[in-house]
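Good morning, everyone, and thank you for making the time.

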Amino acid sequence: MSEKKTNSIGSRLIGHYDGKSKNAGLSNYRKTEPLFFTYINFEMLRSVWGYKIEDLESYFLLDFVDKYGVYPICNNKTSAEILKNELITSFRINWEYFK
C-alpha cells in the first residue's frame, strides 16, 4: 500500500530491492537469499472483503505474524483498528503460494 499516489508500487519495490529504502533486515536477507515480491490487486478482493484497504493490509500482516511469529521483513507496522471489527469473512491466506 502506498501513502502517496506518486509513490508507485514499482518504485517502492525497487527501493526495497536495491537498498534505498534503508530496510536493514531486507538488505541483510538479500545477501543470503533471493528476493521475491508479490502484490495483490485490491479490486480483485472486493467481493470477499468489505472493509478498507488499510484493514486488508493489517489482515495480511496479522495473519503472517500468526503463521510465522514475526512481521514480514518489508513491513513491521500494523493498524490495531482491524482488531476492533468483527470480521465476517471466510477467506484464508495460503502462504504456501508465496513461497
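Predicted model: local features only at pLDDT ≥ 70, side-chain atom pairs only at ≥ 80, totals over all residues.

Among the helices, confidence is lowest in helix 1, residues 9–18, at a mean of 79, and it is highest in helix 3, at 85.

Which elements does the chain contain? There are 4 helices and 0 strands, so that, read from the N terminus, the order is simply α-α-α-α. Of the 99 residues in the chain, 20% count as buried, and the chain exposes about 7,800 Å², of which carbon and sulfur atoms supply 54%.

Let me turn to helix 4, which covers residues 53–68. This helix has 16 residues and reaches 23 Å from its first C-alpha to its last, which is close to the 22 Å expected at 1.5 Å a residue. Which residues of helix 4 are buried? They are Asp55, Leu56, Ser58, Tyr59, Phe60, Leu61 and Phe64, and what covers them includes helix 3. In general terms, an α-helix has 3.6 residues a turn, so residues three or four places apart point the same way.

Now to the surface, where I would ask you to find a nonpolar patch formed by Ile40, Met44, Tyr97 and Phe98, which together have about 440 Å² of accessible area. One of these residues, Met44, is found in helix 3, residues 42–45, and Met44 counts as exposed because its relative accessible area is 57%, where exposed means over 50%. Another residue to look at is Phe36, which is found in the loop between helix 2, residues 24–32, and helix 3, and which is also exposed, with a relative accessible area of 69%. How far apart are Phe36 and Phe98 in sequence and in space? They are 62 residues apart in sequence, and their C-alpha atoms are 8.7 Å apart in space.

Finally, let me come to the charged side chains, where the count comes to 2 salt bridges. In one of them, Arg46 pairs with Glu43, and the closest N and O atoms are 3.0 Å apart; Arg46 counts as partly exposed at 46% relative accessibility, whereas Glu43 is exposed, with a relative accessible area of 51%. In the other, Asp18 pairs with Lys20, with the closest N and O atoms 4.0 Å apart. Here Asp18 is partly exposed, at 37% relative accessibility, while Lys20 is exposed, with a relative accessible area of 65%.

That brings me to the end of the tour, and I am happy to go back to any part of it.

Technical notes. Residues numbered from 1 in each chain as written. Heavy atoms only, no water. Buried < 20%, exposed > 50% of the residue type's maximum accessible area, 1.4 Å probe, protein only. Helix = DSSP H or I, 4+ residues; strand = E, 2+ residues; numbered from the N terminus. Areas by Shrake-Rupley, 256 points an atom, 1.4 Å probe, with all protein chains shown as cover. Patch = residues over 30% accessible without salt bridge, like charges linked within 9 Å, V, L, I, M, F, W, Y side chains within 5 Å. Expected span 1.5 Å × (residues − 1). Contact = heavy atoms within 4.5 Å. pLDDT = per-residue confidence, 0-100.
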